[in-house]
Each structure stands twice: as C-alpha cells, then as structure tokens.
Amino acid sequence: MKGTPRLDSVSTKCQRIAELARQMPQTALTSLSHHIDLDWLREAYRRTRKDGATGVDGQTAKDYEANLEANLQSLLNRAKSGTYLAPPVRRVHIPKGTGNQTRPIGIPTFEDKVLQRAVTMALEAVYEQDFKDSSYGFRPGRSAHQALQALWDQAMAMGGGWVVEVDIQKFFDSLDPGRLREMLDRRIRDGVIRRLIDKWLKAGVMEDGELRHPELGTPQGGVISPLLANVYLHHVLDVWFQEAQPHLQGRAFLIRYADDFVMGFSNEQDARTLYALLPKRFEEFGLKLHPDKTRLIRFRPPGPNRPDPESFDLLGFTHHWGRSLKGRWIIQRQTAASRLTRALQRVWEWCRRHRHDPVPQQCRALVQKLNGHYGYYGVTGNKRSLDTFLHQVQRTWRYWLNKRSQKPTFNWEAFGQFLKRHRLPTPIVVHSIYRRT
C-alpha cells in the first residue's frame, strides 16, 4: 500500500549495517546514508511520537501527515543534497525534583524529529555493536529496570562493598561538540550523516523569542541527543572503566543509565583510587562532577563492629540494606524521597485544576496515574512507599473534592464509602527480584 513502510526492507538494512559494524569494529564507516530512502523515512515517521509538543514552527504531526508522501520525499531530497536547514529547538523548562529547580528541554520541529529518528536508526545499528553491557539508557531492548536488576545482582553477589555515587553537573549543557566529533570520527565518516549532525549541533536554541547559539552542549530533548550522549560517555567512562578493571585488586562493576551512574567495588582501595581519578578523567572532556552529590560510601550489610551502612540513589530509588522475610540481609529499594514528593505535587496540582470535572472522569485519570506509578516503582520491598503514595493521593482527592463548594462534602467516613463506588487501585509488585523475564 502506498505510504506504508516496508518493515522487512528497513529491518534488513539495519541488520546489514549491524553486521558490517561487527565485522569491522575498528573501522570508520563511510557509506551509510544510501540506506536512508523513502521507506526508511516512512519507518522513522512511524516511530516518531505524534502527540509531542510543537517546535518553533508550530507544525503538528497531523499537519505534517496531511501531505505526508510529498513532505517525506522533500525531506529526503534536502537531507541527501545538503540543503536541509536544521531549525533551532524551542527551549522550555520543566520541574527538576523539589523546590524551584528546573531542567531545560529542547523541542525540535516535527519534521526535524523525523529526520533525527532516521539518522538515529542508522547510528544505533552501528553503536549497538560497540556499547558496553554496563550501559542501559536509551538503547533498544534495554530499560531502567534492567539496570536496577543488574545493580542488585552484582552488588548482592559481592556482598556489598563500596559504592561511588556520581552526579554530572549540567551534562547536556557541557558536552563539548569538538570532542564529540572526534569520537564520531572513529566510527562514522559518512558525509551526509555527519553533515546533518553538525547542523543539529549548530542549530541553536530559541527561548523567549531570542535565538542563541551556545558553544557547548547538545539540546536535551532532541531525538538524537540521547544517542550522542551515549557515544560521549561510552568513550569518557565506559571504555575507561573497562580498561581499568584488569588493574584492580577486587571485583568492580559499573551501571550507567544515560548520564546517571554508580560504580561498585569489593575492595576499598580500588574504590578510593577510581574515585580520586574520576574528576580528572571527566575534566579532560569538559565535564564536571557535582562536589556535594558525588561521593564514596561504604555499602556493606550491618554486622558486629561495623558502622551502619549508608544508602545511595539511582534511577528514582534509594538503595539500602534491610532484612528479607526470612531474616537475611538484602539490598532493598524504596522510592527516593524527592521522586515521591514530585509525584505527589503533580497529583495535587492535577486535582486542583480538575476538581470540577465529573467524578468518574477524575477517577479514571487517577487510576491511570496510580497504575503508571506502580508500573515503575512497584518493585520488591517498596510496598510501604507505594502505600504512602496511594494514601496521599486519596487525601489529595478528598481535599479538592471538598473545595468544589463552600460546604465540605466528605468527612473520612463518607469518603470511605465514596471510594467503594469509585475505586482506586491498590499497590502491586510489577518488578520482582525473584521473578525474571
């Protein structure tokens, strides 16, 4: 059917690229863009989110789809001929944790997202052959929960040890485009693809009607940005850590999800050595570690003549030692306090804005929010945090329902009866350390 991507064709091309990359691990590939044709762009369009915010041109996915075939053909011609002009990203700020901190996000135009997706598909086929097993973020077939499981498995196998918890300051704003180009040179020298990446790196940022061209960084929020970030940290951290391991006295592991990572060590001296070297390594590539949030902690189970172990955060969870139902010391996880607070703030704000909506409609939305929360935070040992979240959601809903009129509608007894008619889901364990997929 016209306009339908031939998935077998695109899949076959990706496999060919991957096989070539596997066979030539030390070679820079010079001919990739010929794989990007109209079918490839149709598949890139299919994979692009259609409900995202619009870029600087205000064009929606529906607008673009109205003349899809002509738009994709024009995009292909401009990309291949070198006449494509990368538009600036529209910068917005979203809340970051608690307080007034925000994180800048760059929103490309819809057409730019499609082209970035097309190039990302080609680059993924190459770099998936190179990336290390310690890397989990924004990679096909990998997830945050796989990273959490790997952390649990390896730390438990070592019986704990020493953990280096790391926070990179403003990573996406500090990434050095010149060093990134050097890293890409080692694997990708296709002229069309490299020219497009350069255009995206130089496209600039539109904020409050003002166009700026930062010398450093890549806009967080672009389709290709996570892959470029992975390439950068692959060379800065993953390869460096792997090369250091044979020189260590004990066991060690690295778990990285995008720019969030921890390192674990069975030997204290190994931990202290790499902890001391880490800031210097990152400074070589223009990156800085947060002095207050980067730390070395002792992470062994409690025991006679041992100080109480510390805890650390990764991927929205606080990791700490606790007793299992059988009384053994195991690593447990609970929702990080900052993440729980942020989630509850969002529910509070939603209930405030929608308090006059029909009750069944409010209930459906809250059910969806609770199930989404359980879907991520529903891990073994985290039931208390999930119960707290449910209880606070119920309190918030009752508070704002009572604000619909000057006379309060529900005391707690009446609200309990109300919840029997408008049920909210109870917490469930979605990700079990004992049930592997």
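The lining of the largest cavity in this predicted model draws at least two residues from each of helix 5 (110-127), helix 9 (191-202) and helix 10 (225-244), helices being DSSP runs of H or I of at least four residues, numbered from the N terminus. A cavity is here a set of points on a 1 Å grid over the protein atoms alone where a 1.4 Å probe fits but cannot get out, and lining residues have an atom within 4 Å of a point. Three cavities of 30 Å³ or more were found, and the largest holds about 100 Å³ of space, taken as that filled by probe spheres set on the points. Its lining comprises 13 residues, with V89, Q116, W200, P219 and S225 nearest the centre, and divides into eight nonpolar, four polar and one charged.

Helix 9 has twelve residues and reaches 16 Å from its first C-alpha to its last, close to the 16 Å expected at 1.5 Å a residue. Its buried residues (under 20% relative accessible area, 1.4 Å probe, protein chains only) are V192, I193, R194, L196, I197, W200 and L201, and these pack against helix 4 (68-81), helix 5, helix 8 (177-185) and helix 10, with contact meaning heavy atoms within 4.5 Å. At the start of helix 9, a side-chain oxygen of D190 comes to within 3.0 Å of the backbone nitrogen of V192, while just after the helix G204 adopts a positive phi of about 90°.

Residues are numbered from 1 along each chain as its sequence is written. Local features need pLDDT of at least 70 and side-chain atom pairs count only at pLDDT 80 or more, whereas totals for chains, interfaces and linings use all residues, and side-chain values use heavy atoms, with hydrogens and water left out.

Note on methods. 1 Å grid on protein atoms, 1.4 Å probe; cavity = no way out; pocket = protein on both sides within 12 Å on 5 of 7 lines; lining within 4 Å. Nonpolar A, V, L, I, M, F, W, Y, C, P; charged D, E, K, R; others polar. Expected span 1.5 Å × (residues − 1). Buried < 20%, exposed > 50% of the residue type's maximum accessible area, 1.4 Å probe, protein only. Polar contact = N/O pair within 3.5 Å; in protein donor to acceptor, adjacent residues only side chain to side chain.
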